Amino acid sequence: MNDQRRAPRMPWWMKLLIVLAMLPVVALPMMLGAARPEALDNKALIWIYPFYVVVAGVLAWNCYGRRTEMTWILLVLMMLTHGAMYVMLTMPTLE
């Protein structure tokens, strides 16, 4: 009566995809070096960004077997976050 199904094994390509999706956070020091001075006022977002990427990567890894859609959603949100941080820190403002 105990109907506990095991989650399917995660394929190697998904493990690689999750790790590759987390790698752009390594460029944060370079982005901070190229950042506009007024962009550095967003200290809270800059501090939260690396922690968010690690947590989202771990959650995507853990969700894969049972909630595969959630893994894909987390990966897409992580990519959007990388892009938003890059734009926030390095792109000039339109004034």
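Which residues is tyrosine 49 in contact with, leaving aside its neighbours within four places in sequence? The legends below start from that question and then move on to other parts of this predicted model.

**Figure 1. Tyrosine 49 and its contacts.** Once its neighbours within four places in sequence are set aside, tyrosine 49 is in contact with Pro24, Val25, Leu28, Met31, Thr81, His82 and Met85. Tyr49 also belongs to the largest nonpolar core, the subject of the next view.

**Figure 2. The largest nonpolar core.** This core has 21 residues, and Tyr49, Leu75, Met85 and Leu89 are the ones that touch the most other members. Helices H1, H2, H3 (43–63) and H4 each supply at least two residues of it. The largest share, six residues, comes from H4.

**Figure 3. Threonine 71 in helix H4.** Here we look at a residue of helix H4, which spans residues 68–90. Is threonine 71 buried or exposed? Threonine 71 counts as buried because its relative accessible area is 0%, under the 20% cut-off. Not counting residues up to four places away in sequence, threonine 71 touches Met14, Ile18, Ala60, Cys63 and Tyr64.

**Figure 4. Tyrosine 86, also in helix H4.** Tyrosine 86 lies in helix H4 and is partly exposed, at 42% relative accessibility. With neighbours within four places in sequence left aside, Met31 and Met91 are in contact with tyrosine 86.

Figure 5. Helix H1 (residues 12–22) gives the largest share of the patch, six residues. Tryptophan 13 is found in helix H1 and is partly exposed, with a relative accessible area of 39%.

**Figure 6. Confidence along the model.** For the protein, the average pLDDT is 88, and 91% of the residues score at least 70. Which helix has the lowest confidence, and which the highest? Confidence is lowest in helix H2 (residues 28–33), at a mean of 88, and highest in H1, at 95.

Key
Residues are numbered from 1 along each chain as its sequence is written. This is a predicted model: local features need pLDDT of at least 70, side-chain atom pairs count only at pLDDT 80 or more; totals for chains, interfaces and linings use all residues. Side-chain values use heavy atoms; hydrogens and water are left out. Helices (H or I, at least four residues) and strands (E, at least two) are DSSP runs, numbered from the N terminus. Buried means under 20% relative accessible area, exposed over 50%, partly exposed in between (1.4 Å probe, protein chains only). Contact means heavy atoms within 4.5 Å. pLDDT is the predictor's confidence in each residue, from 0 to 100. A nonpolar core is a set of buried Ala, Val, Leu, Ile, Met, Phe, Trp, Tyr and Cys residues joined through side-chain atoms within 4.5 Å.
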